[in-house]
Amino acid sequence: MIYNDFGRTGIKLSALGFGAMRLPMKEADGKKIVNEELAVPLMQQAFDMGVNYVDTAPLYCETLSENAVGKALKGYRDKVYLSTKNPIEDNSGDHWMERLEKSLKKLDTDYIDFYHFWGISLKSFEGWQKESYGPIQAAYKAKEQGLIKHISFSYHDAAENYKPIIDSGIFESTLVQYNMIDRSNEENIAYAKSKGLGVIIMGPVGGGRLGAPSEQIQGLLKNKTGGDASASRNPVSTAEMALRFVLANPNVDMALSGMSDLNMLKENFAIASRKDHLTEEELAHVKAMMEENKNLAKLYCTGCNYCKPCPQGIDIAYIFEIMNRYRVYDLKEHAKAAYYEMMKGWSWIKSADASKCVACGECEKKCPQKLPIIKQLANTHETLAPKN
C-alpha cells in the first residue's frame with residue numbers, strides 16, 4: 001500500500017480509504033440492517049492489508065454504519081484513522097455537540113480523528129460564522145476537549161463556492177467528489193492542496209457509475225495518440241480505469257471507496273498499491289477524450305434545468321443524464337439500473353419516469369437548445385425501462 005502525506009496534519013494516509021456507506025446488508029424482522037457478520041471482518045481485512053482510514057456517517061446503511069464501524073475498530077483503534085460527519089441540522093452549537101456525542105456513543109470511541117461538517121454549502125457556512133456559539137465554535141471546543149482531532153468538511157455545493165470555505169482557515173482536510181465524468185472540482189482540489197489541506201476524493205468511480213462495464217472508458221488508453229501505452233498499463237476493467245485516473249492526480253491524497261465484498265476490496269487495494277497509474281501524456285489524453293464525451297452529452301441536454309418544473313413531475317435533466325451514461329459513456333448496465341431505481345422511487349432524486357410525459361410541450365417552449373424533449377423522453381423510456 002502507498003501512503004501519502006495528508007496536508008499539514010503530519011499524518012500519512014493510505015492511498016485507498018474504506019468508505020462504510022455500502023456495507024453488506026441483510027433483512028431482519030422486515031428491516032434492512034448491516035450484516036455485521038460480513039461487514040466487520042471485511043473492514044478488519046482492509047485494516048490488516050494496510051488501509052488506515054475508514055469513513056462513515058450517521059445516516060449511512062439505514063443509520064447503522066457507525067455501529068458496525070465501531071465494532072470493526074476494536075483492536076485497531078490506534079492503527080486506523082476514523083472519520084464521520086455532523087449533518088448540522090441547525091445553527092445551534094449545543095445541538096452540533098449533541099450530534100457529535102451521539103456518534104461517539106454509536107462508534108464506541110472517545111474521539112474522532114477527522115470530523116466533517118457534512119455536505120456544507122457556502123450559504124450555510126457564512127450563516128454559521130455569524131453565530132456567537134454555532135457549529136464552528138462548537139467544533140473548536142470539541143477539538144480543545146480532545147473529542148475530535150481535526151476539523152474537516154465534505155462538499156457538494158457548486159464548484160465556484162468552494163474556495164472561500166478553504167480561505168477561512170478553519171479546516172484541515174476536505175472530502176470532495178471528483179472522477180472521470182465529473183471534473184468540476186479539479187481546480188478546487190489543486191487549490192486546497194496548495195493551502196495545506198489534506199484532500200480525499202469521494203465517488204472516484206462515480207458512486208458506482210464507473211464500476212459498470214464500459215468498453216469506451218476502459219479502452220481510453222488503447223490505441224491512444226502515440227500508441228505507446230504498454231499492454232501492462234492498459235486497465236482490465238472500467239473501475240480500474242476510473243480509480244487510476246483519480247489516483248494519478250498529484251493533488252489527491254486518498255481515494256475513498258465504498259466496498260461491500262472481498263473481491264472489491266482486493267481489486268481496489270491492488271490498484272491503489274500501484275505506482276504507475278497514468279503518465280502525464282496519458283492523463284492529458286484521457287481528459288481530452290472525456291471532454292469530447294462531455295461535449296457530445298451536451299448535444300442531448302446541457303442540464304440547465306430551464307425546462308423545470310414539469311407538470312407531470314418528470315425531472316427531465318436527470319433522466320437525460322441517465323440516458324447519457326448509456327449512449328455517451330457506454331455505461332449500459334448502470335444506466336438501466338439507475339432508471340429502474342428511479343421508477344421504483346429508490347433514487348435520491350425523485351422523478352416520475354419518462355412514460356408519464358403527456359406531450360404538453362411546456363418543456364420544449366423553455367428549452368434554450370430547442371431540443372425535441374418529448375421525442376427524447378419517449379426514446380429514453382423505450383431504451384432503459386424493463387421490458388417485462
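I take buried as under 20% relative accessible area, exposed as over 50%, and partly exposed as in between. I keep in mind that I am reading a predicted model.

**Entry 1: the count.** I looked up the salt bridges and found 15.

**Entry 2: K365 and E362.** I found these two joined in a salt bridge, with 3.4 Å between the closest N and O atoms. Both sit in helix α15 (residues 362-366), and because they are 3 residues apart there, about one helical turn separates them. I checked E362 against the cut-offs: its relative accessibility is 34%, so it is partly exposed. K365 comes out at 60%, so I noted it as exposed.

**Entry 3: E66 and K106.** Here the side chains form a salt bridge at 3.7 Å, N to O. The pair ties together distant parts of the chain, 40 residues apart: E66 belongs to helix α3 (residues 65-72) and K106 to helix α4 (residues 93-107).

**Entry 4: K163 and E187.** I found the closest N and O atoms of this salt bridge 2.6 Å apart. This is another link between distant parts of the chain, with K163 in helix α7 (residues 163-167) and E187 in helix α8 (residues 186-194), 24 residues apart. I looked up accessibility here as well: K163 is partly exposed at 27%, whereas E187 is exposed at 55%.

How values were computed. Residues numbered from 1 in each chain as written. Predicted model: local features only at pLDDT ≥ 70, side-chain atom pairs only at ≥ 80, totals over all residues. Heavy atoms only, no water. Salt bridge = Lys/Arg side-chain N within 4 Å of Asp/Glu carboxyl O. Helix = DSSP H or I, 4+ residues; strand = E, 2+ residues; numbered from the N terminus. Buried < 20%, exposed > 50% of the residue type's maximum accessible area, 1.4 Å probe, protein only.
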